[in-house]
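I opened a new notebook page for this structure. Here is what I looked up, entry by entry.

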Amino acid sequence: MRFQETETVELKSIVMDDIKKEIIAFANCDGGTVYVGVSDDGTVLGVGNADECALQISNMVRDTVKPDVTMFIHYETLDYEGKAVVAVNIQRGTNRPYYLAKKGLRPEGVYVRQGYSSVPATDTAIRQMIKETDGDSFENMRSINQALTFETTKKEFEKRNIAFGQPQMQTLKLVSADGVYTNLGLLLSEQCPHTIKAAVFEGTNQNVFKDRREFSGSLMQQLNEVYDYIDFHNQTHATFQKLLRIDTRDYPEVAVREALLNSLVHRDYSFRASTLISIYEDRIEFVSIGGLLPGLELDDLMMGVSVCRNPHLANVFYRLQLIEAYGTGMKKIMGAYADTPVQPKIATTNNAFKIILPNVNIAPKATETPKEIEKPAALASNSGEEKILQFLTEHQVITRKEAQALLNVSQSTAGRVLKAMVDNGQIRQFGGSRTTRYELPKK
């Protein structure tokens, strides 16, 4: 038998630390054999104790290579002209990529076979191996970063008196059966690479920034900090009904909470783009990456049909009592606006999902035609006057706001119509500036 290094053969004079790299490279590629006791030029040197040599390699691999690759390694002792040679046969593993535990899923820890050498794998090659092994589910894939910490998530579990140890992390799929952190674990760790960008704008467009922030860290940390940020900008307005003061926030808290949770639980984390939250004078927009899943329509969503893109992440939020098991989020958002003159809107594309929450303290603006702007007197049309006069015969008094709704016009237009009718003697005005009312003239 003649020994020669090839793409599937590696020669080692003695057991050295770098033999781990060769084993990893063969397990990550098409398999191969490492012969121990043979020099690089093919000269057979032999080993003193073949059993001890095989045990040394076996212990080294078991302690330093992740995931467990031992089931794909077979040891054999060959007798070559009276000299013992240990053949380490490595099959292609089914849980690739294999890597040095101390280095992690990084190029310096993952090796592949290239020609006659074992070389560090590229980031692209590592991701491809993970995808081939774990499938397309982002949550289930092994995290490239294995140096993860979970302080914020642990505190969230402690608040609810829920255990958060290694067994629970495996049950919740933060850790794989082999003890490797998954991408779900990455999302809930302080090392989460995904962020939320929030901004407050002056007026109703993005021309002028009033404030902007980017939130990072664990999804739990982002959830709490972003909610506090929105809550700070969610102003309260007071109105009075006789002596009773009624405070109304710009945005229903339930709607804000559900929209924020939706943007975290259902976004597509295989993309690195940030979730965007934009706060305008008249609305808040939540934009997250990932449109509706194939086969799901917007109407299905509004009916409560829920197909979750990240079921394991949703399960963690469910355990923490942040969401319910069924798709009730959209119904809660719509329900929060049930008694308001404005309604939330939802827009989707193939790659994005937007929820728009309108400011309940800003009345929707009616569209004014050029004719109305140029000829205010013409607004007091016979049909408009007749509607107001008919209303007064049934209700005795009318306010400017009621006239605006009745005629479906803007605030200023309704005011001009009422003023013209007062000037014409059709109706009578009474009350102060904030309590102005209109009634039919007394006979």
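**Entry 1: a strand pair.** I began with glutamate 10, whose bridge partner in strand E2 is valine 34. I number residues from 1 along each chain as its sequence is written. The model is predicted: local features need pLDDT of at least 70, side-chain atom pairs count only at pLDDT 80 or more, totals for chains, interfaces and linings use all residues, and side-chain values use heavy atoms, with hydrogens and water left out.

I noted that strand E1 (residues 9-12) and E2 (residues 32-36) pair in the parallel sense, over four bridges. Two strands pair if DSSP finds at least two bridges between them. Helices (H or I, at least four residues) and strands (E, at least two) are DSSP runs, numbered from the N terminus.

From E1 the chain goes through helix H1 (residues 19-28) to E2, a right-handed β-α-β crossover. Right-handed means that, with the strands pointing away from the viewer, the path from the first strand over the helix to the second runs clockwise.

Entry 2: Buried means under 20% relative accessible area, exposed over 50%, partly exposed in between (1.4 Å probe, protein chains only).

In H1, nine of the ten residues are buried. Among them I listed Ile19, Lys20, Glu22 and Phe26.

**Entry 3: threonine 153.** I found threonine 153 in helix H4 (residues 151-159). Why does threonine 153 count as buried? Because its relative accessibility is 0%. Leaving out residues up to four places away in sequence, threonine 153 touches Phe164, Leu188, Ser218 and Met220. Contact means heavy atoms within 4.5 Å.

**Entry 4: an open sheet.** Three strands form an open antiparallel sheet in the order E17-E19-E18. E17 (397-398) and E18 (428-430) stand at the edges with a single partner strand each, so one side of each has no neighbour in the sheet. Two bridges join E17 to E19 (residues 437-439). Valine 397 has glutamate 439 as its bridge partner in E19.

**Entry 5: a cavity.** How many cavities of 30 Å³ or more does the structure hold? I found one. A cavity is a set of points on a 1 Å grid over the protein atoms alone where a 1.4 Å probe fits but cannot get out; lining residues have an atom within 4 Å of a point. The lining of the largest cavity includes His194, Leu219, Arg267 and Tyr269.

Terms used: On a 1 Å grid over the protein atoms alone, a cavity is a set of points where a 1.4 Å probe fits but cannot get out, and a pocket is an open set with protein on both sides within 12 Å along at least five of seven lines; lining residues have an atom within 4 Å of a point. Grid points are joined across faces, edges and corners, and a volume is the space filled by probe spheres set on the points.
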